[in-house]
Amino acid sequence: MQKSEKERVVAELTERLRTSETLIVADYRGLTNAEIDGLRSKLIEHGARFAVVKNSLTRRAAEAAGADALLALLEGPSAIAFVESDGDPAAVAKALRDAATSTKILAIRGGVLEGVAMSADEVDSLAKLPPADVLRAQLVGAIVSPLTTIVALVAAPLRDLAGLIDARIEQLKEQGDTSEAEAAPAAEAAPVEEAAAAEDAAPAEEAVAEEAAAEAEAEATAEPEAAASAEPETTEETTDTETQEEQE
């Protein structure tokens, strides 16, 4: 391979390592070209690019990209599955594990997940995870479920309080209707009671007036009698005086 070609390959690998936060390294020795092409097509479906690489060039690319976790995995013939940003790491790991099981040749060495090195066993554990869409649904369910419970706990007292307020409003409305109904007869009865009270007061006033008139009449009658009773005393006194003068 010419130097310019090597530089092109290193530059391409460097770019892939910088853009792929997850990758899986496998030993492909013994696989036929048809098996490699079949595995490559399968991995494309899950958002990964499968490439057979030269370790010497890949080390240079890893050093340039700062992917030091990859260096320990580059021993022997190597093929790398570069998982793209929209790829499914679990599905890629499962496809490689299935290929290793079916061919009895492919051997998974390990990988890098979100910049963290993975062993072969950890790649196998990753392959056992559910697909990304299922995992997202489970994660959302685990997050939303407690929130739904909290909202229910908070909303329940509010609903109860609202129910109590509505019931109290209805009760006050019913009491208001009853008080209005009771106030209407009372308002109608008030003039009647006032008229009855006025009628009862009229005879009482007449009786007081008659009593006052009787007292006035009695007083008027008593004055002449008092005057008449007082006159004889004067006459007697006059007579006595005249008699005394005569005797003298």
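Visitor: Why does Arg-40 count as partly exposed?

Guide: Arg-40 has 26% relative accessibility. Buried means under 20% relative accessible area, exposed means over 50%, and partly exposed lies in between (1.4 Å probe, protein chains only). So Arg-40 counts as partly exposed. This is a predicted model, where local features need pLDDT of at least 70, side-chain atom pairs count only at pLDDT 80 or more, and totals for chains, interfaces and linings use all residues. Residues are numbered from 1 along each chain as its sequence is written, and side-chain values use heavy atoms, without hydrogens and water.

Visitor: What makes Asp-37 and Arg-40 a salt bridge?

Guide: A salt bridge is a side-chain nitrogen of Lys or Arg within 4 Å of a carboxyl oxygen of Asp or Glu. Here the N to O distance is 2.8 Å, so the pair meets that definition.

Visitor: Why is Asp-27 called buried?

Guide: Its relative accessible area is 11%. The limit is under 20%, so Asp-27 is buried. Its salt-bridge partner is Arg-29. Arg-29 is exposed, with 51%.

Visitor: How do you know that strands E4 and E5 pair?

Guide: Strands pair if DSSP finds at least two bridges between them. Strands (E, at least two residues) and helices (H or I, at least four) are DSSP runs, numbered from the N terminus. E4 and E5 have 4 bridges, in the antiparallel sense. So they count as paired.

Visitor: Which residue in E5 is the bridge partner of Gly-111?

Guide: Met-118.
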